[in-house]
Structure formats: C-alpha cells, structure tokens
Amino acid sequence: MWYYVKDGRKVGPISDAAMVGLVLSGKVGRQTKVWTPYQKDWCAFEQSSLFLRMSSVRSSRHLVQLDKITHVFRALMVVLVVCLGYQIFFQNETLDSYSSFLTVSNAVDRLEVSLLCAENAMLNRLISLIIFGLFVATAVCGFKWMKSAATVSKLISKRFPYSVAMATWSFFIPILNLIVPYGIVMHTFASSMKGRRFGVWHFTLVFMWGVFWFASLAFLFASTYLIPSKCPSELIVPFYHAKIFVSSVYAIAVLITLAIVSAIYSYQRNYLKHFTR
C-alpha cells in the first residue's frame, strides 16, 4: 500500500496498481513525496522501490526494441557500404576499359574492350538498382531506429530538446533534413552519454557526419538530376569521375552514420542495462 502527498495533504492508502495509474496519468511526478510501510521515511517517488520496478520494466522493453532495430540497421548499412564499394569498383573498371579502348587500334581488341565496357555498365546498373532498394530499406529502418533512440534519449535526459516525432520526421522533410538532423544527432549523442563528458572525438565524429550528410544529399540530387544518363564520348571521363566521387561521399556518410549509431547504441544500452539487472 502507498501514500503520497498532494497539495500538502497525505493521500492513501492506495494499491501498487492504483499508484502506477496515477504515475502514468501524471498526477504523481518524480518529485512527489511517497511512503509505504516497507520504507522508514517519506521520499521522492523517483527514489522509491516502485519507481525502480517501473523503470526496470520500461528499460527492459526499450532495451529489447533498441537491440533488434540497431542490429538490423547496422547490418543494412554494412551491406549498403559493400554494394557502394562494388559500384565504385565497376565504375573504375568501366573507366579503365574506355581508356584501353582509346589506345588499341586493332579491330578485334576494340570489340573485346567494347564488350567488357558493356558488361561493366550492365553490372553497374544492376548494382545501382540493388543500392536503391537497400537505401529505401535502410531509410525505413533508420526511421524506426531514430524513434527508438529519441525515446530513450528523453528517458535518459530531461534536456533533450526534441520530441520523438520531430526527431524522427525531420530526416524526411525536404530542406529541413539538410539542417535539423545535425542538431538531433548531436543532442542524441550527448544525452546518451549519461554522466560522461562530450569529448573532442565525439564532436569531430558528429561534425564529420553533418558535413557528409549534407554533401551526400546534395551530390545524390545532382547525380540524379544534373548528371545525364548518357553523355558525348569526350565527356565520359569526367562523367565517371563525377559518379565515383558521388558514390565515395555516399559511402563515407554511411560509414560515419554506422559509427555514430554504434556509439549511441552502446551508451544507451549501458544505461538501460543498469535498470534491468
């Protein structure tokens, strides 16, 4: 049985279930004074045994959800980076084949090089389709991961300035997704480090992510709408250099995202495990 203080008056006794209901409705806050016959003195609710039990249940649920979504999200990003590496490889191969085509004069050799160029181009188109599918799957998974991470961040720190909806949807709102995500990642990282100092390494990692996040979105837009799918022979070399550059920036952005997700996951998991022991 529990008693609590409301407007200077003692209210109770009430059952554990009723107390949980008051907490969930907001009528009993963390600083509300509570007492049960199992404790000597009155204390703030956040110091009570019931709060610890509730935190354990919530933390256990959040931990299971965070584990599942983070493992899938990181696996998708690893596969995406591998596919981007293959794309860069095939783009370089096509560029080398074209250079060989310009140097050979024999008709048979030219035909062989042309067939090789066509094969590399076909493989490049295939890997591009796979990358697009992986990008969609990774974006959906990232949406769910950000929702889970923001929820835990609000649980860990009262100073987390974003709502879960804002932290999640801002990544998909045009124009806004070039600016706001940097702040969200910075605050998510900082709030996840309960009791730790936000160091130079963390700041550098988040800053690099901000730069490459912006650049990868800008270059992906440029490669889709500004770089033509076909070009004159005299522009093939700069065309493929541009494609390789875009793919490289994209891959770096994914790798930095992978590092940040792993770091946030590690800090949040350690915090949640504290309540589930």
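What is the mean pLDDT of the protein, and what share of its residues reach 70 or more? This is a predicted model, and its mean pLDDT is 80, with 82% of the residues reaching 70 or more. Where pLDDT is low, the predicted coordinates should not be read in detail.

Now the sheet. It is an open one of four strands, in the order β2-β1-β3-β4, and the pairing is antiparallel. At the edges are β2 and β4, the latter being residues 43-44, and each of them pairs on one side only.

Look at the start of the chain. Strand β1, residues 2-6, and strand β2, residues 9-14, are joined by four bridges. Y4 is opposite V11, and K6 is opposite R9. Together β1 and β2 make a hairpin with two residues between the strands, and D7 in that turn has a positive phi of about 55°.

Next, the nonpolar cores. The largest has 48 residues, and W145, M146, F189 and I260 have the most contacts inside it. Two or more residues each come from α2, α3, α5, α6 and α7. Of these, α7 gives the most, 13 residues.

Take F189 as an example. Beyond its neighbours within four places in sequence, F189 is in contact with several residues, among them W201, L205, I260 and Y267.

There is also a second, separate core of nine residues, including W2, I14, V28 and V34.

Technical notes. Residues numbered from 1 in each chain as written. Predicted model: local features only at pLDDT ≥ 70, side-chain atom pairs only at ≥ 80, totals over all residues. Heavy atoms only, no water. Pairing = 2+ DSSP bridges. pLDDT = per-residue confidence, 0-100. Core = buried A, V, L, I, M, F, W, Y, C linked by side-chain atoms within 4.5 Å. Buried < 20%, exposed > 50% of the residue type's maximum accessible area, 1.4 Å probe, protein only. Contact = heavy atoms within 4.5 Å.
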